[in-house]
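This report goes through one protein model, from its overall make-up to single side chains. Please keep the sequence and the structure in view while reading.

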Amino acid sequence: MQEIRKHTESIPQSTTNRWYFAGLSGGVVLLFLVNLALGSVDIPVDEIIVILLGEGATHESWTKIVLNIRLPRALTAIFAGSALSIGGLLMQTLFRNPLAGPSVLGITAGASLGVAVVMLATGTITSIFAIQQLSSVGSWIIAAAASVGSFAVLLLILAISVRIRDNVTLLIIGLMIANITIALVSIWQYFSEPEQIQDYLIWTFGSLGGVTMSQISILFVIITIGTGIAFLLSKSLNGLLLGENYARSMGIAVQQSRIWIIISTSLLAGSITAFCGPIGFVGIAVPHLTRSLLGTNDHRMLIPSTFLMGAILMLACDIIAQVPGSSTTLPISAVTSLVGSPVVVWVIVQRKNLQASFS
C-alpha cells in the first residue's frame with residue numbers, strides 16, 4: 001500500500017485543483033493574445049480582442065493579419081504543444097522510461113519517409129515545383145504523404161505489439177523501425193538534387209505557419225479523439241506505471257490498453273507531424289515539467305495539466321521563434337529544443353532521481 005501511495009498520489013483538494021487549472025488556462029489565454037499581438041507588425045491587445053469578437057479594427061490590414069496569418073498559427077501552436085506533450089506522457093508511462101517521447105515508436109519517422117517519397121521521388125525539381133505551385137493543395141499533398149507514412153508505421157507497430165508482450169522489446173523494435181526509415185530517407189537524399197534536399201530539410205525544421213483554417217479543423221477533430229482516448233485510459237495508465245503485474249491485478253486488460261495507448265499517441269504525434277513537420281523535445285520536456293509542478297503521478301490530473309502546459313510552452317516558443325519586431329522566423333523545432341533542454345535539466349536537478357517516478 002505504501003508503494004501504491006508513493007507512485008499514485010492522491011489528487012489535491014478540489015479548491016487547489018481549480019486554482020491550478022485556472023492558472024494554466026489563464027497562461028494559455030495570455031500567451032495566445034501575446035502571440036496574436038507580436039510580430040513584424042505590433043498590434044495592441046485591445047485591438048486583437050476587438051478583431052476576435054468580429055468587430056472592425058482601427059486598421060483593416062490588422063484584421064487580415066490577425067485572422068489570416070496569426071490566428072491559424074497560434075491555434076496550431078496550442079494543438080501542437082498539447083498533442084505532442086500528451087503523446088510523450090503516454091509513451092513515458094507505457095515504457096516507464098523518462099526519455100521516451102511521442103516519436104519513440106517511429107511514427108514521426110514514418111511521416112518523414114512519406115514526405116521524402118513525395119519530395120525526393122523523381123530525382124529532379126519537377127515534383128517540388130509542382131507542389132509549390134499548387135499552394136494550399138500542395139500543403140494537403142504533403143500532409144497526406146506524411147499521414148500515409150505514419151499510418152503505415154502504426155500498422156506495423158500494432159501488428160508487432162500483438163505478438164510482443166514485453167514493452168522493452170517493443171520499445172527497441174520501435175527505435176529500430178525509426179532508424180530504418182531514417183536510413184531510407186538518408187539514402188534517398190544522397191541520390192537527390194540539391195534543390196530537393198533543401199526543400200525537404202526546410203520541412204524537417206518544423207513550422208507552425210503553413211497550416212490553414214480548414215486543416216486546423218481536421219487537426220482539432222483528430223487531437224480531440226486522441227486526447228479523449230488518453231483520458232479514458234487514465235486508470236490503465238496509473239496501473240501500468242506500477243508495472244504490468246500490478247495492472248493485471250487491478251483487472252486492467254494490459255494488451256488492449258497498450259494498443260489503445262499506441263493508437264492515441266499515433267493520432268496525436270502523427271497528425272502534428274503531418275501538418276507541421278517534426279517538432280522535437282516538447283513531448284519529452286513537458287510531462288516532466290508537469291509532474292514536477294503538480295507533484296502527482298495520477299493521470300486524471302496529469303493529462304489535462306500536460307495538455308495546458310504543452311500549449312503554454314509551444315505558444316512561448318512560437319513567440320520567441322517569430323523574433324518580435326523582426327520579419328525573421330526561426331525554426332520552431334530548434335527553439336523548442338533550446339527552451340526544453342534547460343527545463344529538463346532543471347527538473348532533473350530538482351528531483352535528483354527522475355527514474356523514481358517510473359520504477
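The accessible surface of the protein comes to about 16,100 Å². Carbon and sulfur atoms account for 68% of that surface. The model is predicted, and the protein has 359 residues, of which 50% count as buried.

Its secondary structure consists of 16 helices and 0 strands. How far apart in sequence are the residues that touch? Among contacts between residues at least 6 apart in sequence, 77% join residues at least 24 apart.

**Confidence**

The mean pLDDT of the protein is 82, and 87% of the residues reach 70 or more. Where in the protein is confidence lowest, and where is it highest? The lowest mean, 44, belongs to helix H1 (residues 2–7), and the highest, 93, to helix H15 (residues 299–321). Over residues 1–12 the pLDDT is below 50. In the model this stretch has 22 contacts beyond near neighbours in sequence. Where pLDDT is low, the predicted coordinates should not be read in detail.

**Salt bridges**

Side chains of opposite charge can pair when their charged atoms come close.

| Salt bridge | Distance, N to O |
|---|---|
| Arg 73 and Asp 318 | 2.7 Å |
| Asp 298 and Arg 300 | 2.6 Å |

Which parts of the chain does the pair of Arg 73 and Asp 318 link? Arg 73 is in helix H4 and Asp 318 in helix H15, 245 residues apart, so the pair links distant parts of the chain. Both partners are on the buried side of the cut-off. Arg 73 has a relative accessible area of 12%, which is under 20%, so Arg 73 counts as buried. Asp 318 is also buried, with a relative accessible area of 0%.

In the bridge between Asp 298 and Arg 300, the acidic residue Asp 298 is buried at 1% relative accessibility. Arg 300, at 47% relative accessibility, is partly exposed.

**An aromatic pair**

There are 3 aromatic pairs in the structure. One of them is formed by Phe 79 and Phe 220. Their ring centres are 6.0 Å apart, and the planes make an angle of 50°, which is a tilted arrangement. Phe 79 lies in helix H4 and Phe 220 in helix H10 (residues 213–232), so this pair ties together parts that are 141 residues apart in sequence.

**A nonpolar patch on the surface**

Which residues form a nonpolar patch on the surface? They are Val 168, Ile 172, Leu 175 and Met 176, and together they have about 350 Å² of accessible area. Val 168 lies in helix H8 (residues 167–190), and Met 176 is placed in helix H8 as well. Met 176 has a relative accessible area of 44%, so this residue counts as partly exposed. Met 176 and Gly 106 are 70 residues apart in sequence, and their C-alpha atoms are 8.1 Å apart in space.

Another separation of this kind involves Leu 289, a residue of helix H14. Leu 289 and Met 309 are 20 residues apart along the chain, with 8.3 Å between their C-alpha atoms. Leu 289 is buried, at 15% relative accessibility.

**Positive phi angles in loops**

Arg 96 and Phe 281 each have a positive phi although neither is a glycine. Phi of Arg 96 is near 50°. Arg 96 sits in the loop between helix H4 (60–95) and helix H5 (107–120), and at 29% relative accessibility Arg 96 is partly exposed.

For Phe 281, phi is about 80°. Phe 281 sits in the loop between helix H13 (254–276) and helix H14 (282–294). With a relative accessible area of 28%, Phe 281 is partly exposed.

Technical notes. Residues numbered from 1 in each chain as written. Heavy atoms only, no water. Patch = residues over 30% accessible without salt bridge, like charges linked within 9 Å, V, L, I, M, F, W, Y side chains within 5 Å. Areas by Shrake-Rupley, 256 points an atom, 1.4 Å probe, with all protein chains shown as cover. Salt bridge = Lys/Arg side-chain N within 4 Å of Asp/Glu carboxyl O. Helix = DSSP H or I, 4+ residues; strand = E, 2+ residues; numbered from the N terminus. Buried < 20%, exposed > 50% of the residue type's maximum accessible area, 1.4 Å probe, protein only. Contact = heavy atoms within 4.5 Å. pLDDT = per-residue confidence, 0-100. Phe/Tyr/Trp six-rings, centres within 6.5 Å; stacked < 30°, edge-to-face > 60°.
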